[in-house]
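The points may be read alongside the sequence and the coordinates.

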Amino acid sequence: MPASNLIAACCDRCTHRPGNPCRDLIRCLAEGPICHSDDACAKTRQARMANARRGGQGTLIFVGAGTCGRANGSTKVIARIGAFLQEHKIAAEIVEVGCVGYCQRELFVDVQKPGEPRLAYADINLGNIDQLLEAVFVRSEMRNGFLYGRHGDVGAAWADVPEINTTDFFKKQVKVVLRNAGIVDPRILDGALAAGAFAAAAKAVCTMTPEEVCNEVLAAGLRGRGGAGFPTGQKWNIARQTPRAQKYLICNADEGDPGAFMDRAVLESDPFFVLEGMLIAAYAIGASKGYIYCRAEYPLAVERLTSAIEQCRQVGLLGTNILGSLFSFDITIKQGAGAFVCGEETAILASIEGGRGMPRPRPPYPAVSGLFGKPTVLNNVETLANVPVIINRGAEYFQNLGIGKAAGTKVFALSGAISNTGLVEVPVGIKLRTIIEDIGGGALPGHRFKAVQIGGPSGGCIPEQHLDTVTDYADLIQLGAMMGSGGMVVMDERTCMVDVARYFMEFIRNESCGKCTPCREGTTRMLEILTSITERPVGDEERRLERFRGVLHLQELASTVKEASLCGLGQSAGNPVLSTLRFFRDEYERHVIDQRCPSGECQGLAVYEVDNATCLGCLLCKKACPSGAIVGERKQAHYILVDKCVGCGSCVTACPKHSIHLVSEERACV
Amino acid sequence: MSLVIDGKEVQFTAGETVLSAASRAGIEIPHLCAMDWACKPEASCRMCLVELEGMPRLQTSCTLEAKDGQKVRTRSPRVQAVRRNIVELLIANHPGDCLTCARNQNCELAQVASELGVRERRYRGLKKNHALDLSSPALVRDPNKCILCGRCVAVCHQVQGVGAIDFIDRGFKTRVGPGFDEGINVSNCIFCGQCTRVCPTAALMEKSQVDAVVAALADPNAIVVAQVAPAVPATLMENAQASSVRTMLLRLAAALKRVGFGAVFDTGFAADLTIMEEVSELIKRVQTGGPLPMFTSCSPGWIQYVEKYRPDLIPHLSTCKSPQQMAAALIKDVYPKHRDLGGKRLVCVSLMPCTAKKVEASELGDVDFVLTTREIDELLVRYGIDLNKVTELGALDAPFSSASGAGRLFGGTGGVMEAAIRTAHKMLTGGELKGGFKVEEARGLEGIKIFSLDVGGTTLNFGIVNGLGRLKPILDPLSKGASNLHFIEVMTCPGGCIGGGGQPYDSDPEDIRVRLERLYDADRRSTLKTSHDNAEVQELYTEMLGKPLGEISHHLLHRSYIDRRSEER
Amino acid sequence: MCQVDQIIAGHEELGKEHLIPILQEIQAKEGYLSRAAMNKVAEATGVPQSRVFGVATFYNQFRFAPKGAHVIEVCRGTACHVKQSLKLAQHLTRKLNLKPNGNSPDNKFTIITVACLGACSIAPVIKMDGEFYGHLDVEKLDRLLDEAMQENKEEVHASK
């Protein structure tokens with residue numbers, strides 16, 4: 001089977017062959033034929049393009065089958081659709097697409113009948129797919145309870161159905177990186193080509209110099225989207241200007257922040273544009289070899305990328321003399337093996353070279369001396385996905401996408417205690433409040449927004465009073481957070497902020513590579529201190545005192561670890577602590593001094609109370625208690641000594657009258 | 001070109017680090033992991049952080065390239081606070097048994113803690129709890145004292161080219177250990193001890209036999225004798241201000257006799273004997289067609305390497321025992337005929353710059369205990385003797401008291417080769433080597449030397465490998481059957497025995513160069529230049545051995561080897 | 001053992017750069033890294049045995065004991081944590097009496113903690129034998145475990 005129908009020759013005069021690529025190859029797909037004039041050929045090409053843009057002929061059923069789609073049962077749903085079509089002898093093609101971004105409403109199943117717009121149906125699962133299929137195919141009831149919206153315009157007849165991008169979740173988003181996600185079939189090259197893939201690559205490789213490409217990206221103001229925010233064009237220029245025969249380009253797809261899945265969605269839903277971005281970047285810096293370092297926990301992304309690379313090779317978009325130029329470039333996929341620290345630049349280098357993923361001192365910077373000692377540029381997936389847009393539409397266009405001085409868009413992964421979870425792409429410089437309330441729909445019904453955690457384990461928590469801050473690099477750093485890779489976890493009154501700090505510290509401590517002293521030892525000590533705060537110091541005075549002293553040490557330790565650590569992981573390890581201390585100091589004080597957890601989440605500080613009105617005085621709870629915290633005699637009401645209680649809850653289980661319950665101040669208020 | 005460090009103007013050479021430039025100017029910046037003679041800086045301990053004007057973040061001076069006009073502060077309040085906190089973190093995960101720790105006089109962690117004025121243990125929490133590794137006769141590992149500086153791993157992989165130990169696990173659980181985290185006795189470790197020499201704490205040490213020697217000395221039913229390796233006096237001279245190697249050796253003999261050793265022998269004697277046997281063996285192989293090239297066999301780390309990694313090379317090893325083992329075999333066999341032991345048992349202690357000798361002794365016997373150069377001081381201190389203050393000259397004992405200049409050279413790289421060539425010349429031509437017996441081609445500290453000499457009409461090709469890490473270029477052609485070398489000297493440790501794993505802690509390349517010069521000086525001063533002219537050696541052949549490679553030699557002075565490759569497949 | 005040989009033979013180049021991919025392939029085939037396998041890889045790649053072990057133990061992915069019949073990945077990502085996934089992890093450890101290597105004593109289950117499965121909208125999530133299960137609590141989890149144990153019994157009966 002040919003890799004691409006679009007690229008196939010229109011007639012004998014077509015000069016493009018594998019091994020003899022034509023520089024007009026991409027232009028020809030939409031505007032061709034170019035090397036000869038022929039109406040029949042032109043019609044052939046236009047028909048092919050129209051078909052590819054639509055996604056196929058006849059009736060098409062698109063099912064969101066990215067990882068989150070699969071998590072919502074897409075595999076079984078697809079099987080059921082196939083069976084239904086057979087049972088009812090309906091001719092239709094099932095197309096697996098990626099993630100449209102509205103994870104809260106997964107699964108999305110789109111149906112496109114000939115002559116009709118592509119209609120999106122939401123909240124589909126194995127339990128109701130039959131209902132949808134009956135409505136759409138048996139009764140031709142396109143407008144039904146599952147209908148979410150339509151893709152694109154097909155005249156007045158469908159004006160009553162909202163266009164997807166005008167719905168509440170999408171209307172304030174600006175889809176650049178995610179414009180094809182959930183729409184285009186990510187498995188085939190033609191899907192991407194029809195969406196415009198490789199037009200920018202052709203423009204760069206065939207009509208621009210590497211210096212021009214670097215400067216265009218520099219002028220666009222694109223900053224690393226993996227978290228550090230270093231100006232991409234600047235990094236490229238350094239590598240470009242380092243004279244070495246062999247250079248490397250690495251795509252950092254080791255998205256490790258818990259709660260971040262933007263890169264995964266891009267890789268699964270639109271892999272060809274990432275490859276295009278890599279191609280342009282490699283051309284800009286002079287690299288002939290590229291690597292994609294993808295974490296092992298993303299098998300579907302690896303699968304999509306592997307297939308995409310192979311297809312590109314087959315048509316000469318990867319390999320030697322790309323598009324008839326002197327530029328050669330090919331890509332190898334390297335899978336991560338489960339180490340968050342391998343998202344760090346120099347750790348990736350160590351890992352690709354076959355070693356433990358331990359970071360290296362800089363200088364020398366990778367752009368000067370990186371993989372195998374050669375100049376190497378590492379870029380994040382999202383950064384690379386922005387590159388074709390910049391080349392196609394220009395630096396100014398990209399600048400104008402952002403609000404104020406900021407440039408471009410950013411994808412955020414919105415999750416946690418928020419009404420709408422999913423992926424959102426917004427202009428850099430948009431207010432946090434817009435994302436949380438307008439797009440995210442605010443806190444869950446019956447609950448109160450407390451904080452949003454941005455930047456993963458290297459970031460910080462932002463409380464309600466600062467929601468009008470703009471999401472731009474410097475502004476977030478001012479608040480003690482950071483843009484990070486884009487993970488945004490919303491918390492409500494049920495979340496304990498001390499526990500959040502402890503959770504991130506545990507994560508960092510488990511992921512510390514162990515090479516440098518401050519991070520290896522300091523994160524363990526900080527974790528111990530934070531854990532002790534979330535527990536009651538049952539026992540001797542010594543422990544009580546230690547607990548107090550520990551808190552005093554916390555700030556100093558956080559500072560040392562920040563100042564002295566070798567890499568970004570250690571340098572930002574203290575951020576969650578410092579950030580929560582800054583905005584939720586009162587919660588810390590309640591934990592340390594009052595030994596209470598206001599949100600009721602810290603089990604170690606749980607306060608249990610016996611309801612004297614219903615207590616039988618049966619002594620069962622007293623016997624169940626492992627720490628002797630219950631006093632009481634037979635037939636007399638029992639009482640729990642808070643200072644001795646370790647919060648295990650055994651008494652609750654033991655009580656035959658359910659007289660013992662957890663006291664929660666926060667929950668009592670709501 | 002100069003920069004300012006702590007207000008002082010400091011010169012530097014192009015490409016030098018701030019750490020190095022500061023050190024040469026007398027400003028010591030604390031550091032626990034940098035070892036610029038061995039490898040690139042990993043910047044993992046973070047102790048050497050300094051403030052660089054104009055940079056918001058602190059910089060590690062081990063990686064910071066010195067540049068004209070820089071202003072650096074090594075002891076600002078900010079730097080000291082961070083540095084101190086780092087030491088506190090190390091201490092928090094370190095045992096508290098300093099009073100009984102074998103390194104308490106020279107532990108680098110204790111040193112920095114003291115320098116920074118750390119007076120309390122502020123952090124209490126989880127401490128690592130790994131098992132002690134006492135499995136080998138040569139080395140002891142205590143991972144609980146390890147501060148994960150990585151020096152041992154760097155030396156093992158990058159300097160020695162062996163790679164027997166590495167980091168295991170990650171984060172707080174990280175520890176250093178051999179493959180599969182078992183005892184080193186079942187690992188690919190060759191016991192060269194280079195790791196013990198660079199370890200800043202007591203995490204890696206030689207297995208001390210001082211107590212055993214003290215017990216033997218106190219045993220009324222034992223006569224304890226010592227043999228001293230050529231490298232040892234050349235090293236002890238450092239602090240003792242002795243004028244020559246021989247002087248130092250005689251002072252050491254005096255001290256040893258004072259504490260009760262019944263006799264002190266010169267291992268250099270056995271070196272001369274080794275030359276007789278080995279050169280005869282070489283000539284025989286050259287004349288009868290192999291197996292060639294022949295490798296020396298006196299470096300036990302090299303032998304371990306062959307047995308564990310390249311047993312295919314065993315036929316190429318000389319079958320001669322090392323001088324330590326030859327001496328010990330003779331001590332046990334001949335000495336009782338030379339002196340009435342009065343029914344007491346004979347205990348042979350060898351003083352070596354080498355940790356692998358402890359393994360060699362345990363495998364081949366005859367040597368009862370091996371003390372490294374570092375253990376010698378420890379032993380004498382038990383008896384209240386400060387070797388640096390000993391002035392009297394003792395005597396070495398017959399019949400193993402004399403060593404030629406050639407034998408003395410054994411202590412350094414190229415020494416065995418030079419000694420061998422002197423005797424080979426005599427054996428092949430009947431005449432002596434011209435030019436004062438010096439073989440310039442064999443001298444110096446280059447990693448590999450390859451040269452040819454015309455010896456009485458026969459062209460012989462020689463190779464000298466200075467440190468196991470330099471072995472590859474010699475072995476590659478051999479694997480392809482394309483080596484034209486006849487005789488190759490391999491020393492496991494860079495510099496030869498004077499750079500051995502049992503040598504003093506702060507030996508750097510300059511120290512090794514100085515020690516090598518002392519050996520050349522000892523050869524120059526010696527009137528006896530050749531092994532074959534050593535009268536005691538000649539007498540041994542006349543009285544007992546007959547000819548080199550004879551039956552008794554074969555029995556006492558030669559050995560065999562074992563394929564020790566891991567059998568697990 | 002020939003599986004490991006095959007994997008090694010399938011690699012044209014065998015330097016240090018290929019160490020991790022080779023280990024990953026072996027783990028994918030055999031479910032874990034045995035000593036014998038690691039020794040073979042050391043010999044084939046020229047990487048010292050201590051380094052092969054040092055690299056393998058650095059990464060979470062590699063296991064050194066065979067996996068159980070059912071593999072459960074518990075997500076400990078932020079969104080799942082906020083929805084009490086810690087309780088699920090603790091429950092599994094207690095109920096199945098897990099050994100330090102994550103295996104239950106009868107080797108029917110292997111529990112692995114994952115930093116984030118990327119299915120935050122259905123938190124808290126586990127993945128059992130490749131299938132996602134979301135919106136979990138302790139009761140639902142127990143039901144899943146019981147179902148899995150039933151399957152085992154059926155298989156045993158079937159094979160008799």
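1. Strands here are DSSP runs of E of at least two residues, numbered from the N terminus. The model is a predicted one. In that numbering, B:F369 belongs to strand β14 of chain B, which covers residues 369-372.

2. Is B:F369 buried or exposed? The cut-off for a buried residue is under 20% relative accessible area. B:F369 has a relative accessible area of 19% and is therefore classed as buried. Beyond its neighbours within four places in sequence, B:F369 is in contact with B:Q209, B:A212, B:V213 and B:A216, and also with B:V347, B:C348, B:V349 and B:S350. One of these, B:V349, is 20 residues away in sequence, yet the C-alpha atoms of B:F369 and B:V349 are 4.8 Å apart.

3. A:E106 sits in the loop that joins β2 (93-97) to β3 (109-112) of chain A. A:E106 is buried, at a relative accessible area of 10%. Setting aside neighbours within four places in sequence, the residues in contact with A:E106 are A:G64, A:C68, A:G69, A:N72, A:C99, A:D123 and A:I124. Between A:E106 and A:D123, which are 17 residues apart along the chain, the C-alpha separation is 5.3 Å.

4. Helix α7 of chain B, residues 231-240, is mostly covered, with 8 of its 10 residues buried. The buried residues are B:A231, B:V232, B:P233, B:A234, B:T235, B:L236, B:M237 and B:A240. What do the buried residues of α7(B) pack against? Their partners in chain B are β10 (222-228), α8 (245-258), β13 (345-352), α14 (373-382) and α18 (509-525). Just after this helix, B:Q241 adopts a positive phi of about 55°.

5. The largest nonpolar core has 208 residues. Those touching the most other members are B:V225, B:F261, B:L273, B:F295, B:W302, B:L330 and C:Y59. Helix α8(B) contributes the largest share of this core, 8 residues. Apart from neighbours within four places in sequence, B:L273 is in contact with B:M326, B:L330, B:V537, B:L540, B:Y541, B:L545 and B:L557. Another core, of 102 residues, lies apart from the largest one; among its members are A:L249, A:Y298, A:C312 and C:C116. As background, nonpolar side chains in soluble globular proteins tend to be buried together.

6. How many residues of chain C are in contact with chain A? There are 35, and they meet 49 residues of chain A. The area buried between the two chains is about 3100 Å², with carbon and sulfur atoms giving 56% of that area. On the chain C side, C:E17, C:F58 and C:T78 lose the most area to chain A, together 21% of what that side buries.

7. Chain C and chain A have 2 salt bridges between them. In a salt bridge between C:E17 and A:K334, the N to O distance is 3.8 Å.

Key. Residues are numbered from 1 along each chain as its sequence is written. Chains are lettered from A and ligands numbered from 1 in the order in which they are written. This is a predicted model: local features need pLDDT of at least 70, side-chain atom pairs count only at pLDDT 80 or more; totals for chains, interfaces and linings use all residues. Side-chain values use heavy atoms; hydrogens and water are left out. Contact means heavy atoms within 4.5 Å. Buried area is the accessible area (1.4 Å probe) that two parts lose on being put together, summed over both. A salt bridge is a side-chain nitrogen of Lys or Arg within 4 Å of a carboxyl oxygen of Asp or Glu. Helices (H or I, at least four residues) and strands (E, at least two) are DSSP runs, numbered from the N terminus. Buried means under 20% relative accessible area, exposed over 50%, partly exposed in between (1.4 Å probe, protein chains only). A nonpolar core is a set of buried Ala, Val, Leu, Ile, Met, Phe, Trp, Tyr and Cys residues joined through side-chain atoms within 4.5 Å.
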